[in-house]
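Please consult the sequence and the 3D structure shown here alongside the text.

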Amino acid sequence: MELRLIYPDIPFWRAETSRLALFIGGIEFEDIRPSREEIKKMKAEGLFPFGQFPILQVDGKTIAQTGAIARFCGKISGLYPIDNNFYAAKVDEVIDLATDITFKIRPALKEQNSDKSMLMRKELVETVLPIWLGFMETLLERNGNTGYFVNDSLTVADLAAWRLCGWISGGIIDGIPETILEKFPLLSKHQDNISKFPKVAEWLTKNRK
């Protein structure tokens, strides 16, 4: 099976979840990270079914949408529960929650007026993110003392939440403090634990400049 995962050279969760799943599973894939000019050309050629990325090409056929790609990569990597429908739905739940949180943040990042953008980010920090990160914290809590989001082992749900929270608390979004996870001890611990997975640590060493 020939796999080509296409997404810009940034460690955002939308692609990083699937990149990591394939890497952890020892699945060979072509990690294509196009430039802006290359993306414009790809869009003009109709490579992106919905005009956006990531996309995954499987033997020349295309899969779009973050969740669909993550599930596919999770299944072939052993990081998605293919024999338990409830656990599978719980993994989907986390990926969908990560998508919802991303959509909550996006308007503040796209706002062109800098003053308005900072006000929107202030609202994110004070009101919006505490609610939505609280939802994610609750999912961890309800799964007991496993340290994972679903059952008692690593899934693509953990990779998605780990990278999303790493982005939010990484100090790269102006107006959102690196301390934002301090009120969420389970999410904070989850960040540390996933980062210490040998294959995750190896991936970070290879891919973070």
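The backbone nitrogen of Phe149 lies 3.0 Å from a polar atom of the Asp158 side chain (a polar contact is a pair of N or O atoms within 3.5 Å, one able to donate a hydrogen and the other to accept it; residues adjacent in sequence count only if both atoms are side-chain atoms). The model is predicted: local features need pLDDT of at least 70, side-chain atom pairs count only at pLDDT 80 or more, and totals for chains, interfaces and linings use all residues. Residues are numbered from 1 along each chain as its sequence is written, and side-chain values use heavy atoms, without hydrogens and water.

**Asp158**
- Asp158 belongs to helix 6, residues 156-168 (helices are DSSP runs of H or I, at least four residues, and strands are E runs of at least two, numbered from the N terminus).
- Asp158 is buried but has no salt bridge, and Lys90, the nearest side chain of opposite charge, is 12 Å away.
- Buried means under 20% relative accessible area with a 1.4 Å probe, protein chains only; a salt bridge places a side-chain nitrogen of Lys or Arg within 4 Å of a carboxyl oxygen of Asp or Glu.
- For opposite charge, Lys and Arg count as positive and Asp and Glu as negative, while His and the chain ends are not counted.

- Four strands form an open, mixed sheet in the order 2-1-3-4 (strands pair if DSSP finds at least two bridges between them).
- Strand 2 (30-32) and strand 4 (61-64) are at the edges with a single partner strand each, so one side of each has no neighbour in the sheet.
- Strand 1 (residues 3-6) and strand 3 (residues 55-58) run antiparallel, joined by four bridges; Arg4 stands opposite Gln57 in strand 3.

Terms used: Buried means under 20% relative accessible area, exposed over 50%, partly exposed in between (1.4 Å probe, protein chains only).
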